[in-house]
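Here are my notes on the structure you asked me to look over.

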Amino acid sequence: MAFPYAFRLAAQSLLHEKWINLLSILTIAAGLLFIAITVLSVYNVDVATKKLPEKFSMMLYLKDNLSREEIENIINIVGKKGAIETVKYISKDEALKELKAMLKDTVYVLDGLGENPLFDSIEVKLKNVAVSPETEKRLAVELREIKGVGEIEYGEQFLSSLYSVKVGMKTITILFVIIMSVGMIFVCYSTVKILFYRKNEEIETYKLLGATRRFITAPFIIEGAVIGFSGGLISLIGILLLYYTVILKHSLTIPLFKAIIFPINIALFLPLVGLLIGMTGSAIAIGRIKY
Amino acid sequence: MIHFHDVSKYYDNHTALRKITFSVEKGEMVFITGPSGSGKSTLLKLIYLAEKPDEGTISVAGWEIDKMKKSSVPLLRRGIGVVFQDFRLLNNRDVFENVALALRIRGVNDKELKVRVFDSLKIVNLRHKADSYPIALSGGEQQRVAIARAIVAEPSIILADEPTGNVDPDTSVGIIRTFKDINTKGSTILIATHNRELFRNTGKRVLKLDNGNFAGEEIA
């Protein structure tokens, strides 16, 4: 079959059945827009939480009355661990000084303490890749076995919660994208099936004149692809409008908006995603029709 | 070219054709006649595979119909031009596009297609109606469009089911003359008609059907 003719038939059908096609296009556009907003939100949360490890550290509190050699020995052992970026020794006098600086006007609460109650400590910063609940836990067990090390503090619960939230969000997003995609494929599937049945007489004539399956189905696949692509294009315009006219415009008045990252390269794929959804829907519809 | 051997076709409790055997040679023009409901249309439908036989064997242009793969059916049909009883014209396409459809299905390029469509329309005297839509044509004109579509691809076999059913006697004569002209160029033609006037004195073979049974043959 000459492909231009299949395109012509598809164009004629798109115009002739404009209302049902328009409805499908808008449904797909809305679906893809929801997906784009969800993915954009999760992407931003992910980027924001990726910056947290830079500020994350483990505190190793040392036992009292350790000699200079013993402390240096501990620092050496800790520094040799693979996942560790930096090791910093903080004496109990420095710690007290920092505490006083932090308390500022309320420093009087320390007046009754007499002797410095704080411990010598070692602040350990981990390499970004190593900041995960499992690595932290494993490292804490290893460090606790070093002679002279007392308590270890590393915000175990916070880290676990953070990772649970991230994993949960990603899972929900994936499920949401799958459900929405299946829904949009079904919209295209139903549209093409309706169009196919409406043209039953015409298709029967094609068959009797010797048309191959490809000749008959090609215009429907093209039509599905155009519906999907148009839906994707509208959703791209929607997400661009949302970003440039709402988020970017109001970022001066709402500071949170300033932090939002908009990956335009990913957004440009929306028409392509729509095209694939449209083609998949129509291909399934054509495949399931007996003729 | 066309061979039927003991072919029967049943619809529920009704026998449309019973043990029909006949042959049509290449280049022949044959009339099939009989009263309404005698099985003429069913016989033609079996040739272009709109129906399948329940018994017997059919071969058309070298294809053994009962052994054919589904994917080969379009190939067989491309070798056959059919004038359907109800014309089967597409009302959303003009006359040119209706006739051109037979060539588009065969993948003919636009330049050649244009020449051949206008040639066919000229044969049936409808060159001037190329831009009209079927709905704006009379029954006879629609019939001639259907004929133009059947002959445009120059198929080796042409089947016509009551091709003069909706036209006046003068137009009927013209249509039969058109078929005769096409036949002289080598096409095998089968015309189903209940109108005996159509083949009187044509010198062509006539196969007679009666209530689904073969009722003999004669030379008109």
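Predicted model: local features only at pLDDT ≥ 70, side-chain atom pairs only at ≥ 80, totals over all residues.

1. What else does the ring of F118(B) pair with? The partner is F96(B): the two ring centres are 5.2 Å apart and the planes are at 50°, so the pair counts as tilted. F96(B) belongs to helix α3 (residues 95-105) of chain B and F118(B) to helix α4 (residues 110-123) of chain B, so this pair links distant parts of the chain, 22 residues apart. Both F96(B) and F118(B) are buried.

2. Searching the whole structure gives 10 aromatic pairs over all chains. One to look at is F31(B) with F199(B), where the centres lie 5.4 Å apart and the planes make 45°, so this pair is tilted. Here the two residues are 168 apart in the chain: F31(B) is in strand β3 (residues 29-33) of chain B, while F199(B) is in the loop between β8 (188-193) and β9 (205-210) of chain B. Both of these residues are buried. Over in chain A, Y5(A), Y206(A) and F215(A) make up one aromatic cluster.

3. As background, nonpolar side chains tend to be buried together in soluble globular proteins.

4. Which residues does L44(B) touch, once its neighbours within four places in sequence are left aside? They are I32(B), L159(B), A160(B), D161(B), L190(B) and A192(B).

5. F4(B) also turns up in the strand pairing of chain B: its bridge partner in β4(B) is I58(B). The strands involved are β1 (residues 2-11) and β4 (residues 55-60) of chain B, which run antiparallel and are joined by 5 bridges.

6. On from there, β4(B) pairs with strand β5 (residues 63-64) of chain B, again in the antiparallel sense, over 2 bridges. S59(B) has E64(B) as its bridge partner in β5(B). The two strands form a hairpin with 2 residues between them, and A61(B) in the turn has a positive phi of about 50°.

7. Two other backbone spots deserve a look. D12(B) has a positive phi, near 50°, without being a glycine, and is found in the loop between β1 and β2 (14-24) of chain B. Is D12(B) buried or exposed? Its relative accessibility is 80%, so D12(B) counts as exposed. N125(B), also not a glycine, has a positive phi of about 60°. This residue lies in the loop between α4 and α5 (139-151) of chain B and is exposed, with a relative accessible area of 54%.

8. Finally, chain A has an open sheet of 4 strands in the order β2-β3-β1-β4, with antiparallel pairing. Its edge strands are β2 (84-90) and β4 (149-153), each pairing on one side only, and the twist averages 20° from one strand to the next. β2(A) and β3 (residues 121-126) of chain A share 6 bridges, with I84(A) opposite L126(A). Helix α3 (residues 68-79) of chain A lies across β1 (57-62), β2, β3 and β4 of that chain, at about 165° to β2(A).

Technical notes:
Residues numbered from 1 in each chain as written. Chains lettered and ligands numbered in written order. Heavy atoms only, no water. Contact = heavy atoms within 4.5 Å. Pairing = 2+ DSSP bridges. Axes fitted to C-alpha atoms, helices over the stretch in contact; angles between N-to-C directions. Phe/Tyr/Trp six-rings, centres within 6.5 Å; stacked < 30°, edge-to-face > 60°. Buried < 20%, exposed > 50% of the residue type's maximum accessible area, 1.4 Å probe, protein only.
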